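Thanks for coming. I will go through one protein today, starting with a term and then working through the parts. Please look at the model while I talk.

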Amino acid sequence: MATAIEIFKHLPKKNCGKCNFPTCLAFAMQLANQKVKLSDCPLVSEEAKAKLEASSAPPIRLVTIGDGPKKVELGDETELYRHEKKFFHPTRYCIVISDQADDEEAGSKLRRISELSFERVGQTLAMDMVAVRDDSGDDTKFAAMVSRASAAGLPMVLMSDRPEALRKAVKETGVKRPLLYAANEANIDAMAAAAKELQCPLALRAGDLNAWPIWPRPPERPASTIWCSTWRPRGPRTWWRGTPSCGRTPSRRPSAASGTR
Ligand code: SF4
């Protein structure tokens, strides 16, 4: 993101106040902090607009999971780590259900997901997403659990490294824009093709951010991508965030009261 001074250099310097700030410098400072939009200045030239938009575009893309009022938006950040600057799209919480869970276990988890809501430092926290993990290796079982979990009405994460299982689950259940989790070095092309066909965001899993030579993004790769550097398929819990985690533990975890997978 450009600094206020860099932005100021490209502004008209008329100090006309049409942007609701008395001076161009004041406007530039607000723009640098992403409190206003460049379009609030009606006098900015097309040339300046092109330069400023390019320099202020967040390096982390906006990733949308789900649809409607409960959709989850992640990324669109200018910084990689939260300690560098406040995230505009905070960490979201998700509970994982195995497709091998029996009726009672699945029902109990889904009930807890819908009931879970608690206050923490002035914020009401609740589950944002529900994930279904392909433990069975059976496409039909996986799709059936996805269908059941979709009744929670939350954006979904479909956890499988088999593109055919993901295709079947999305097509048969009609679940809207789930996050497909996850591509790895072995299945990246097939997973990218599935994500493109299904118009879904795709998480990438690797040991670190330099594992794959995919930056800048080749055109055939899906536009919405979440980097996830850690995955514990049998671990106690799984968290996602919209920005590359680089193996770091998310800085804010659900408390013990927020449920287990
Ligand atoms: S509207 Fe544009 S030219 Fe006028 S004060 Fe604001 S930034 Fe400056």
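Two residues are in contact if their C-beta atoms, placed from the backbone, lie within 7 Å. By that rule M156 touches G66, M129, V130, A131, V132, V146, A149, S150, V175 and P178, leaving out residues up to four places away in sequence.

Some housekeeping. This is a predicted model, in which local features need pLDDT of at least 70 and side-chain atom pairs count only at pLDDT 80 or more, while totals for chains, interfaces and linings use all residues. Residues are numbered from 1 along each chain as its sequence is written.

Next, burial. A residue is buried if 20 or more other C-beta atoms lie within 10 Å of its own, exposed if 12 or fewer, and partly exposed in between, with C-beta atoms placed from the backbone. Of the protein's 261 residues, 34% count as buried.

A nonpolar core is a set of buried Ala, Val, Leu, Ile, Met, Phe, Trp, Tyr and Cys residues joined through C-beta atoms within 7 Å. The largest one has 46 residues, and V130, A131, M156 and L180 touch the most other members. Apart from it lies another core of nine residues, including L11, C19, F27 and L31.

Now the helices and strands. Helices (H or I, at least four residues) and strands (E, at least two) are DSSP runs, numbered from the N terminus. There are seven helices and 10 strands.

Which residues of helix α5 are buried? In α5, residues 139-149, they are F142, A143, M145, V146 and A149. Seen down the helix axis, they fall within an arc of 165°, so they line one face of α5; the arc is that of the directions from the axis to the C-beta atoms. Their cover includes β3 (94-98), α4 (103-115), β6 (129-133), β7 (156-159) and α6 (163-173).

On to β9. L202 and L204 point one way from this strand, A203 and R205 point the other way, and all are buried. In general, side chains in a regular strand alternate between the two faces of the sheet. Strand β8 (residues 179-183) pairs with β9 in the parallel sense over three bridges; two strands pair if DSSP finds at least two bridges between them. L180 stands opposite L202 in β9.

Is G207 buried or exposed? G207 is exposed, because 11 other C-beta atoms lie within 10 Å. From C-alpha to C-alpha, G207 and N184 are 9.8 Å apart in space, and they are 23 residues apart in sequence.
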